[in-house]
Amino acid sequence: MSSILSIKNLRKSYADGFEALKGVSLDINQGEILALLGPNGAGKTTLISTICGITIPSAGSVTVGGHDIERDFRAAREMIGLVPQELNLEPFEKVWNTVRFSRGLFGQPRNDALIEEILRKLSLWDKRNNATKELSGGMKRRVLIAKALAHEPRVLFLDEPTAGVDVELRKDMWDIVAELKADGVTIILTTHYIEEAEAIADRVGVINKGELLLVEEKDALMAQMGRKQLDVQLSSPILKIPESLAEHELELSEDGEVLTYTYDTRAPRTGITTLLRDVAEAGLVLCDVQTRQSSLEEIFVTLVSGERT
């Protein structure tokens with residue numbers, strides 16, 4: 001699969017010496033969905049702003065479809081759609097004109113049929129003649145998405161697109177993302193809803209303090225770093241874990257009814273057989289056993305806290 005977005009040693013420093021980006025390098029393939037995760041202030045928005053030409057890089061290079069974002073800015077920017085976090089819209093302009101004007105800004109010919117299709121997909125068709133100031137926050141977010149799609153970009157950035165919006169918009173957004181992916185559009189998503197990244201992303205990138213910690217296939221990442229947990233449900237609660245079970249490093253639930261054992265799925269032996277034998281020898285009677293996989297959120301927290309082994 002060919003790369004449509006190539007980032008090489010990208011840096012962004014400010015006059016006070018603060019480094020927002022510290023040598024970020026990344027190749028993003030055409031037609032993939034990359035979820036970029038990181039805490040507030042990690043550098044996600046700075047990275048997007050730099051690629052989109054809003055922020056000037058201090059060093060490094062970025063090409064979009066082979067076009068350098070500095071030397072060939074217009075051609076590179078025409079390939080990009082951006083849904084920003086901020087709800088910046090002309091308050092007195094009608095929805096229809098706002099979206100159509102956005103298409104014209106990129107030099108695209110008038111295409112009212114396309115604008116209508118986008119507005120209908122985003123449940124904005126009935127609001128097309130409303131001034132944007134009359135819309136709810138969720139509807140304004142829909143207009144931003146429509147603006148970003150109006151010039152038919154090949155790379156779409158979604159910077160926290162569903163933060164603080166209703167469930168219906170989130171569903172509509174992901175339906176559209178699926179359609180765009182099917183059409184070969186590359187999508188880079190930043191989100192605080194990690195379950196969304198886990199559900200729709202092909203790859204996951206984790207950024208913290210301006211550094212890209214990793215970019216991996218989502219399934220491979222969870223297989224490599226995801227631990228499994230075994231919950232042993234006891235027939236009767238206990239006050240503390242017996243000393244004979246100390247080597248298993250168990251956790252006891254607050255109600256004293258569940259022992260939790262964490263193990264590495266990559267290890268030659270999980271230790272489960274020995275654990276269950278030792279539980280029985282300790283005189284504990286179990287009534288149920290369940291396993292669960294670490295979520296992407298747990299893996300993310302481990303990475304940004306520097307606990308990766």
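Helix 5 (residues 137-149) and helix 6 (167-182) pack at an angle of about 10°, with their axes 10 Å apart, where axes are lines fitted to C-alpha atoms over the stretch in contact and angles run from 0 to 180 degrees between N-to-C directions. Helices here are DSSP runs of H or I with at least four residues, and strands are runs of E with at least two, numbered from the N terminus. The two helices are therefore roughly parallel to each other, a term that applies to angles under 35 degrees. Helix 5 passes helix 6 in a right-handed crossing, meaning that the near helix is turned clockwise from the far one by less than a right angle. On the helix 5 side the contact (heavy atoms within 4.5 Å) is made by Gly 138, Arg 141, Arg 142, Ile 145 and Leu 149, and the helix 6 side includes Asp 172, Ile 176 and Leu 180.

This is a predicted model, in which local features need pLDDT of at least 70 and side-chain atom pairs count only at pLDDT 80 or more, while totals for chains, interfaces and linings use all residues. Residues are numbered from 1 along each chain as its sequence is written, and side-chain values use heavy atoms, with hydrogens and water left out.

Helix 5 also packs against helix 3 (residues 95-105), the axes coming within 7 Å and crossing at roughly 30°, which makes helix 3 roughly parallel to helix 5. This crossing, too, is right-handed. Val 95, Thr 98, Val 99 and Ser 102 of helix 3 meet Val 143, Ala 146 and Lys 147 of helix 5.

Of its 33 residues, Val 99, Leu 119, Leu 156, Leu 158 and Ile 187 touch the most other members. At least two residues each come from helix 3, helix 4, helix 5, strand 7, helix 6 and strand 8, and helix 5 supplies the largest share, 7 residues. Leaving aside neighbours within four places in sequence, Ile 187 is in contact with residues including Ile 33, Leu 156, Leu 158 and Leu 180. A second, separate core of 26 residues includes Val 62, Ala 76, Ile 80 and Phe 157.

Conventions
Parallel < 35°, antiparallel > 145°, perpendicular 65-115°, else oblique. Core = buried A, V, L, I, M, F, W, Y, C linked by side-chain atoms within 4.5 Å. Buried < 20%, exposed > 50% of the residue type's maximum accessible area, 1.4 Å probe, protein only.
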